[in-house]
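Okay, everyone, thanks for coming. Let me put the structure up and walk you through a few contacts.

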Amino acid sequence: LDWVLSLLSENKEQRVELNSKPYSLSYLSDLSDGDEAFIFESLKIFNESVGKNISEIEELFGKEHYKEVSNLAHNIKPSFEMLENNLGSTICDELAHTQVDSSKAEQVDLLKKEYLKIQECLKEDFPDLFKTV
């Protein structure tokens, strides 16, 4: 599984150079028949909830609360899937369905990095997502 993650990571870097975005809106667009308000709300939910969950995953992982790490990874996997981010989805799947222990630190870090890459692109593409009222 580590080999697959490594391969996905390498392929992801190559794809990012070609595609330049770690996410796609195709699924959301198809799901909503191109409804921009729906897409924006979905991105807003991703932006707000996944960031909190990843911070919580890091905190729980540091406290060795591995079962809770697995549960949160399971909960956020669909969020990465809706943005067609295969690396985030794969990492969440591994954390949710394999034994989580201290050896998974790299996956937790990689998941956060992937989330931050998505955030960077969303800030450029949808600056209104980051405006506070």
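So, E81: its relative accessible area is 39%, so it's partly exposed (buried is under 20%, exposed over 50%, partly exposed in between, with a 1.4 Å probe and protein chains only). Before I go on: this is a predicted model, where local features need pLDDT of at least 70 and side-chain atom pairs count only at pLDDT 80 or more, while totals for chains, interfaces and linings use all residues. Residues are numbered from 1 along each chain as its sequence is written, and side-chain values use heavy atoms, leaving out hydrogens and water.

What does E81 meet in a salt bridge? That's K77, at 3.5 Å, N to O. By salt bridge I mean a side-chain nitrogen of Lys or Arg within 4 Å of a carboxyl oxygen of Asp or Glu. E81 and K77 are four residues apart in helix α4, so about one helical turn separates them. Helices here are DSSP runs of H or I, at least four residues, and they're numbered from the N terminus. K77 is partly exposed too, at 21%, and K77, E81 and D93 link up in a network of salt bridges. The total count of salt bridges is nine.

Another one is K104 with E94, closest N and O atoms 2.6 Å apart. K104 lies in the loop between α5 (86–97) and α6, and E94 in helix α5, so this pair ties together parts ten residues apart in sequence. K104 is buried at 11%, and E94 counts as buried at 3%. Compare K131 and D128, with closest N and O atoms 3.0 Å apart: K131 counts as exposed at 59%, and D128 as partly exposed at 46%.

Now the aromatics. There are three aromatic pairs, meaning Phe, Tyr or Trp rings (the six-membered one for Trp) with centres within 6.5 Å; planes under 30 degrees apart are stacked, over 60 edge-to-face, and the rest tilted. F46 and F80 have ring centres 5.7 Å apart and planes at 90°, so that's edge-to-face. F46 sits in helix α3 (residues 36–62) and F80 in helix α4 (residues 66–82), 34 residues apart. F46 also pairs with Y115: centres 5.7 Å apart, planes at 45°, so tilted. Y115 is in helix α6 (residues 105–125), so that pair ties together parts 69 residues apart in sequence. F46 is buried at 0%, and Y115 counts as buried at 7%. Put together, F46, F80 and Y115 form one aromatic cluster.

Key. Helix = DSSP H or I, 4+ residues; strand = E, 2+ residues; numbered from the N terminus.
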